[in-house]
Amino acid sequence: MKILLGVGGGIAAYKAAELARLLMQQGHEVQVIMTRAAEEFVRPLTFAALTGRKALTDLFAIESAIEHISVAQDHDLLVIAPATADLMAKLAHGLADDFLTTLYLAFTGPVAIAPAMNVNMWQHAATQANLETLRRRGHRIVEPDSGYLACGMTGPGRLAAPEEIAEAIASETRKRRDLEDETILITAGPTQEPIDPVRFLSNRSSGKMGYALAEAAAARGARVVLISGPVNLAPPRGVETVPVRTAIEMRDKVFERLAPATIVVKAAAVADFHVANAPGQKIKKTAARISLELDPTPDILAELGRKKGDRLLIGFAAETQNLQQEARRKLESKNCDMVVGNLVGGADSGFESDYNQVTLALSSGENIPLPLAGKREVADRIFDEALKLRLALHGQQITLLTDGLKS
Ligand code: CTP
């Protein structure tokens, strides 16, 4: 594989030399790009000796002004190690003032980022916000280790071991165009059910999990239609986003777009009730108690379960207790292949959080608890397990078929 290794200007730059050596040993071609600050820590000659290729440094010192484009197109993966706080900020915001940051914008393949910096810089809200942006963009983050840092402090910030970064690179490349043959319909966010023209009933869903699923699916090559309730999130790149407001609008769009879908994921937190006969004018304040009459909304997932054909159907179960039992009950009652059980209401996981801890209930009878992780990582695990499940179900069908032929 042809790997681009971007080296930022931190003391950990010397470890990038070890990483380059390891990647060469594993049989990859490695092209190193150094920032100007990196050159203060390691000489380009070190990398040239290890990789057999001149390290690229200055954007303006090369013959062709568009070399960063051809270098980007000519490689399979970009790994940035160490990524300093400054470099992460530039990547997150799309600044392009040297070869590495310019190349990053021109590169369309998978990106892995291994940060290294002082513990306070790592924990700073600005760095954490940039980290989240990069993670949401689908980049693989190889988290820094905790330990003694060059600045004399102890804590997270030390560049991950070169072996760990190499392993992350290997798993990133194993992934990932495995959804290329799929058309995936995803719903996300809450729905809003009007009480009158200015008020509505809704819930605390942020849409982050559904959007992470859409981004993950698109990055793995799927055609993705995202039917989204009202959220404060940018439409993911490479995804067709269809905005809706109410449960009924969501239902109509889901069935309008269902035909080509091979996988359907219902991550939306659909309101279970809507106001019967919501008035066309604003309800005026009175001193007396008023009551709202609520009708149930259509259960979109249950209807999908009845009409799913050979599609893979994945539902969600947002629970505050009895997660596993409720996930399995919903799996069976709504005829799903997988239900992602999601504890909501806690601080670290669930609706508004960037992280999630879920349990997967599968129609094979298996329950798979996943560790607390970023929603994008959880999204990838959901698709990994969905593909495995389909293979298992498909295998079973083939066995049944051959059994039928035998008898
Ligand atoms: N769902 C749906 N249509 C509804 C309600 C829920 O499609 N009207 C889907 C959700 O998108 C989710 C799954 O059903 O994939 C479970 O939603 P959840 O709110 O957890 O469960 P409910 O079925 O509404 O049951 P309860 O509220 O009693 O837990």
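A salt bridge is counted when a side-chain nitrogen of Lys or Arg lies within 4 Å of a carboxyl oxygen of Asp or Glu. By that rule, the whole structure holds 25 salt bridges. One of them joins Lys 334 to Asp 299, with 2.8 Å between the closest N and O atoms. Lys 334 sits in the loop between helix H13 (323-333) and strand E17 (338-343), and Asp 299 in the loop between strand E15 (294-296) and helix H12 (300-306), so this pair ties together parts that are 35 residues apart in sequence. Helices (H or I, at least four residues) and strands (E, at least two) are DSSP runs, numbered from the N terminus.

The model is predicted: local features need pLDDT of at least 70 and side-chain atom pairs count only at pLDDT 80 or more, while totals for chains, interfaces and linings use all residues. Residues are numbered from 1 along each chain as its sequence is written, and side-chain values use heavy atoms, with hydrogens and water left out.

| Residue(s) | Feature | Value |
|---|---|---|
| Ala 81 and Pro 82 | cis peptide bond | omega about -5° |
| Asn 322 | positive phi, not a glycine | phi about 50° |

Pro 82 belongs to strand E3 (residues 77-83). Asn 322 is in the loop between strand E16 (312-319) and H13.

Five strands form an open sheet in the order E2-E1-E3-E4-E5, with parallel pairing; two strands pair if DSSP finds at least two bridges between them. At the edges are strand E2 (29-34) and strand E5 (140-141), each pairing on one side only. Six bridges link strand E1 (residues 2-7) to E2 in the parallel sense, and Ile 3 stands opposite Val 30 in E2.

The domain assignment, which is automatic or from a database, gives domain 1 (2-148 + 156-175) and domain 2 (183-398). Their contact (heavy atoms within 4.5 Å) takes six residues from domain 1 and seven residues from domain 2. The centres of the two domains, taken over C-alpha atoms, are 36 Å apart.

Buried area is the accessible area (1.4 Å probe) that two parts lose on being put together, summed over both. Domain 1 and domain 2 bury about 670 Å² between them, 39% of it on carbon and sulfur atoms. Helix H8 (residues 125-136) gives the most to the side of domain 1 that touches domain 2, with three residues. Zero salt bridges are counted between domain 1 and domain 2.
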